[in-house]
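Dear colleague,

Here is the structure I said I would pass on. My notes on it come after the model.

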Amino acid sequence: MTKEGLHDLLEVMSLEEKVGQMNQLSGSFFNPSASVTGPIEGKKFARESISLCGSVLGLMGTKTVKKVQKEYLENHPHKIPLLFMMDVINGYKTIFPIPLAQGASFAPKLAGHCARIAAKEAAADGLHVTFSPMTDLVWDARWGRVMESTGEDPYLNGRFAEAMVKGYQGNGFDRPYAMAACVKHFAGYGAPEAGRDYNTVELSQHTLRQFYLPAYEAGIHAGAALTMASFNTLEGIPATGNLWLMREVLRKEIGFEGVLISDWSAIEEMISHGYCADRKEAALRAVMAGVDIDMMSGVYAEHLVRLVREGQVAETLIDEAVMRILKLKNNLGLFENPYPDSDENEASRLFLCQEHREFARKAARESFVLLKNDGILPLAGEKKTAFIGPYVGSQNLIGSWSLTGDVKDVTTLKKALLEQGPNQDMAFAQGSPMLDEMMDLEGFHERQKENFTPGEQEKMLKEAIDAAKRAEVVVMALGEDRLQSGEATSNANIQIPKVQQVLLEEVSKSNENVIVVLFSGRPLDIRNIVQKAKAILQVWLPGTEGARAIVDVLFGEYNPSGKLPMAFPYCVGQVPIHYNSYPTGRPHIPGKDKDRFRSKYLDIPNEPLFPFGYGLSYTCFSISPVMLSKKDMIKGGCIEASVMVKNIGSVKGTETLQLYIHDLAASVVRPVKELKGFCKVELKPGEARKVCFSITEKELRFLTGNGRVESEEGEFEVYIGNSSSTDNKARFMLGCRR
Ligand code: BGC
């Protein structure tokens, strides 16, 4: 439809119809097969608000979507098609590693391709919008949703946000398989106090701008069609009704012109926050802040018409919101064809096809992080090996947000080993339940509760110990259950379930050659595992083909190259923790632990167990001292910072060189290090390459004491290394030396 056409349409729409466009309902009001992704008890909607609602979430399947769309259009006064939205997070039917794992690949392009495949499968199944990427910055592993983020760093998250948005949308809704992306949750949702989901967020504007906004901004500037408001408060005001945040920051400063959608029921929840007295006020506050779509609270449907008629809300405000929604429908081509890519044959051709499965395997391989290796990995193949642990035979390798995926499509580690493993002499034992007794977890479509009698548990443990005794090497597949991370899964204890710790303890008493393959949706406290295992491979929740990827890595078919996108803390007492912290007036100095008046703990180190950017390989790399093309930079100039990196081991491998910058003195204190670039290089044994980063004045800008984003003259440190703890640095000056 032309621009004029859209305006003409808006002109003839009744106020009720316009408000209908701003109302989004769960698919369960249209079809019982819908996925329900939020609290629904007691939710009731008037017939009219259902028949006029502009978009639906959680409904999928070509037949279902077509039927709902057709019936809806038959009754809609102006035949404006519904938008079908859904959380397509790390894949649709082919499930990729969780986003945090994708972050560990340090390969945004890879994540972009995962998003493209997900968009294809989802669009073929009738969907138009995905509520992804989640670009929230995360520093607290207690928060279960860290699994949905790409980690602790604003720069890294920004690169992934761009790539994912472009992956879903292509260059402006590429056909076929057009899908719109939604950057969420604006803003600061990743910083709930004490890591408890939905809790209060306390961020200074400085921290918000310095750390949290950049990734949302990157996703939005990459063209994301939607942004989702977050559940939390910012400066005491829920984001959903936060005029300053939405009108000033999101719309004016960042320049977002797309559709702003609330999170599930979040408009209504402003009453529980204590910000609005009733539903009418909630509707008023949200619409004034510029929230275009009310997801599942129904307050717009209930109150907006009246608010306009009473003169409390200008109809022009409604028109602006509706026009943004109509534009989105138009950009997706829905007026010409309300079922654009939905095609049953196409869907079954695409779902879990060979190409998609192979890419899922590749993505998983690249996301694994080798945390420890005393030379025991890769496995030689001829050794007698026991594979022990609840993850050996489990299909639960997909993250909790993979609500469209089916665990039945997942290859288990045991199956992958039997099919791919070069080792003929393998034994398998579950060893323990996945979860501690009394643990009862709930997902979107399933419950996870195990019922093993003490006798059965004893038997399992004994079988595992016997298998360990007979083996030369033991690979233990341990970790959190997939439903232990995700939305509403905060944990005060970030260790693997106790029952698995006991298994590790007992097995390691029987065999000293223990390798742990660790599954989790978050960084864990793994001090105990580090003590007992000779090698640890962090595999996150690796998706449909994750098990095949694990076998590739265990037997050296693929040399691991992932790097942590989020630190593994020493223990939970350290969180929130992140490498890009401020120096403090009494910084901790390594080796000076006895100095009394320093910023330190008495009982644990300051450093995490494994820092951001860390990850080993089966080979070793040497990195030369940092070389700078100049020692001074003038504004508008550029400095080349480089290192020589050499593979000094005996197998081919990939190293990720990371560039960090530190501004030594500024009008506002600067982080000790900030990631400004990274580069992956694959090298054959003995091969060396020069890796070069260009630093311009732009990389040195920050929010200064003047309230402007600009650089300040002075001295800078440049680090290049293979983790955030690198000490490999050089110095240069911006501006003239005095
Ligand atoms: C989550 C969102 C999600 C929405 C719809 C909410 O509970 O916070 O991230 O997109 O539900 O499923």
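The notes below cover a sheet, a helix pair, salt bridges and some backbone details. Please keep in mind that this is a predicted model.

Sheet

Six strands make up an open sheet with mixed pairing, in the order β11-β18-β17-β16-β12-β13. The edge strands are β11 (369-373) and β13 (426-429); each has a single partner strand, so one side of each is left without a neighbour in the sheet. On average, and with direction ignored, neighbouring strands here are turned by 15° against each other.

Within this sheet, β16 (residues 473-479) pairs with β17 (residues 514-519) in the parallel sense, over six bridges. V475 has I515 in β17 as its bridge partner.

Two helices lie across β12, β13 and β16. One is α16 (residues 413-420), which runs at about 170° to β13. The other is α17 (residues 454-470), which runs at about 155° to β12.

Helix pair

Helix α6 (residues 108-124) packs against helix α15 (residues 354-367) at an angle of about 150°, and their axes are 11 Å apart. Angles over 145 degrees count as roughly antiparallel, which means that α6 is roughly antiparallel to α15. The crossing of α6 past α15 is left-handed.

On the α6 side, the residues in contact are L110, H113, C114, I117 and E121; on the α15 side they are H356, F359, K362, A363 and E366. Sorted by class, this contact has five nonpolar, two polar and three charged residues.

Salt bridges

There are 47 salt bridges in the structure. One of them joins R357 and E545, with 2.4 Å between the closest N and O atoms. R357 belongs to helix α15, while E545 sits in the loop between β18 (535-538) and α20 (546-554); the two residues are 188 residues apart, so the pair links distant parts of the chain.

Backbone details

Most peptide bonds are trans, and most residues other than glycine have a negative phi. Three places are worth a look against that background.

- The S132 to P133 peptide bond is cis, with omega near 10°. P133 is placed in the loop between β4 (129-130) and α7 (154-169).
- K184 and H185 are joined by a cis peptide bond, with omega about 0°. H185 is in strand β5 (residues 180-186).
- K79 has a positive phi, near 55°, and is a residue other than glycine. Its place is in the loop between α4 (62-75) and β3 (83-86).

Regards

Conventions. Residues numbered from 1 in each chain as written. Predicted model: local features only at pLDDT ≥ 70, side-chain atom pairs only at ≥ 80, totals over all residues. Heavy atoms only, no water. Pairing = 2+ DSSP bridges. Helix = DSSP H or I, 4+ residues; strand = E, 2+ residues; numbered from the N terminus. Axes fitted to C-alpha atoms, helices over the stretch in contact; angles between N-to-C directions. Contact = heavy atoms within 4.5 Å. Parallel < 35°, antiparallel > 145°, perpendicular 65-115°, else oblique. Left-handed = near helix turned anticlockwise from the far one by under 90°. Nonpolar A, V, L, I, M, F, W, Y, C, P; charged D, E, K, R; others polar. Salt bridge = Lys/Arg side-chain N within 4 Å of Asp/Glu carboxyl O.
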